[in-house]
Amino acid sequence: MDPDKAKIPTATRIVRRPPDGAPRRVSADICVLGAGIAGVSAALEAARLGRKVALVDGLPALGGQAVNSIIGTFCGLFANGQHGAQFTHGIADDILRELGAQDALHYRRGGPSNTTVVMYDEIALSRWIEEAVRKADITVLLGAILRGVRRDGGRIRSLDLATRYGDVTLDAAGFVDATGDAALTWQAGFPCREHADGPIYGTQMMVLDAIDETRQPSREELTKRARAKAAQYGLVRTDGFAFVFPDRGIALVNLTHVETPLDAIEASRTALTGKAQADRVLHFLKCEYPDAFGRARVRSYGLPGIRQTRWIQGRHQLTVEDVRAGTAFPDAIARTAWPIELHDRADGYVWEPFPDDHMHYVPFGSLLPAEADNIVAVGRCIDGDSAALSSVRVMGPCIAMGAAAAHALDLAGHGSVQQIDIAALRERVRDNVES
């Protein structure tokens, strides 16, 4: 044997799954189910409060739709107007500061609706979330599917989770339902709501590179051309956008509408048809605007972007009348001025913007499943009518909801979150509801 050659380990062993193997057991003070922006906000805020936190998601990566569906824009963070004040703080401050320092943000202010939209680099956001969660010493469980919920009356005791590495039982004193589809509330057997008048459409996002941003058509021109050419190119949706990230030669494109059914087979099918829609959009852009998109190629497709599917029946239902009136609830925990944005038809959507001095609020009662003692819902699965939800499911108020959920469960301890001191909660989240 050549003495200069290192010995290569070749030993193996035979293993077999134990027939009655017990699940791995994990305990936490607060379990957050769903690692999108609302869930991450809840987990980080709970960790800052000194709580032992577990963060669970069915995907093999953190960030939810903000990262993996490439939503690409922070909406609802600012008041309307050219110089609208920031409404939501907490991790929003950290993200805007740190991604801004990396030149990974672009602010789009004004436009016909006079809103502020903050474009972000999804890779930069992904790494910010991962590092923030890692440094907070949060127990992370990815690729975990909720199979069952154990409860005594209105109190959740533990979750049964399945992973490719084996089953896990997770015990906690309090739970945050940040699943988007109210999966925790639903699996626990508590009542939920669904839209009764047909689907609310989601979106297949894509990022294009190798574009000529100096030849980019206006949004108004793009919509006009898409409507005129929809039949020729097989376009389903005709009023979307192609937002350019300046000086990078890339564009975030949102010009699709896909159904997002709560059915395993149908959801998988529509995930494929969504990409086929996106490909037709790219063909339309390349043919109709060759100067801007002639050399464009897809840098990445997101996972299907889901807007509204199933949500909790809460102690309070936010209504579109509340949104339009800007009702200032005594238990408000979040605010925004984002328009009503209801995607309830295939070719377009309802877009009802508000004046510069408008703001509307999210009441804490809309985060509480009516029959549960230790669940707080956040994000797009809080209780509201379909139109009201369409204006508060965006990232600004979702971040604020996550922070409020952490504080509410911290205040509740092993008691009922239904009975916490609302004045104490309002004091803790004051920056997110008061100027």
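The structure is a predicted model. Two packed helices can be described by the angle between their axes together with the distance between those axes. In this model, helix α3 (residues 91-101) packs against helix α4 (residues 122-135) at an angle of about 125 degrees, and their axes are 11 Å apart. On the side of α3 the contact is made by Ile-91, Asp-94, Ile-95, Glu-98 and Leu-99, while α4 contributes Ala-124, Leu-125 and Trp-128. Sorted by class, the contact of α3 with α4 contains six nonpolar residues and two charged ones, with no polar residue.

In a regular strand, side chains alternate between the two faces of the sheet. Strand β2 (residues 53-57) is mostly covered, since five of its five residues are buried. Val-53, Leu-55 and Asp-57 point one way from β2, whereas Ala-54 and Val-56 point the other way, and all are buried. Strand β1 (residues 24-33) pairs with β2 in the parallel sense over four bridges, and Cys-31 stands opposite Ala-54 in β2.

Which residue lies in the loop between α1 (37-48) and β2? That place belongs to Arg-51, which touches Asp-29, Ile-30, Ala-46, Asp-410 and Gly-413 when residues up to four places away in sequence are not counted. The C-alpha atoms of Arg-51 and Val-207 are separated by 38 Å, the two residues being 156 residues apart along the chain.

Asp-209, for its part, lies in strand β11 (residues 206-209). Leaving aside neighbours within four places in sequence, Asp-209 is in contact with Gly-249, Ile-250, Arg-295, Ala-296, Arg-297 and Arg-299.

The table sets out the accessibility of these two residues.

| Residue | Relative accessibility | Class |
|---|---|---|
| Arg-51 | 27% | partly exposed |
| Asp-209 | 14% | buried |

The assignment follows from the cut-offs: buried means under 20% relative accessible area and exposed means over 50%, with partly exposed in between. Asp-209 at 14% therefore counts as buried, and Arg-51 at 27% is therefore partly exposed.

Conventions:
Residues numbered from 1 in each chain as written. Predicted model: local features only at pLDDT ≥ 70, side-chain atom pairs only at ≥ 80, totals over all residues. Heavy atoms only, no water. Axes fitted to C-alpha atoms, helices over the stretch in contact; angles between N-to-C directions. Helix = DSSP H or I, 4+ residues; strand = E, 2+ residues; numbered from the N terminus. Contact = heavy atoms within 4.5 Å. Nonpolar A, V, L, I, M, F, W, Y, C, P; charged D, E, K, R; others polar. Buried < 20%, exposed > 50% of the residue type's maximum accessible area, 1.4 Å probe, protein only. Pairing = 2+ DSSP bridges.
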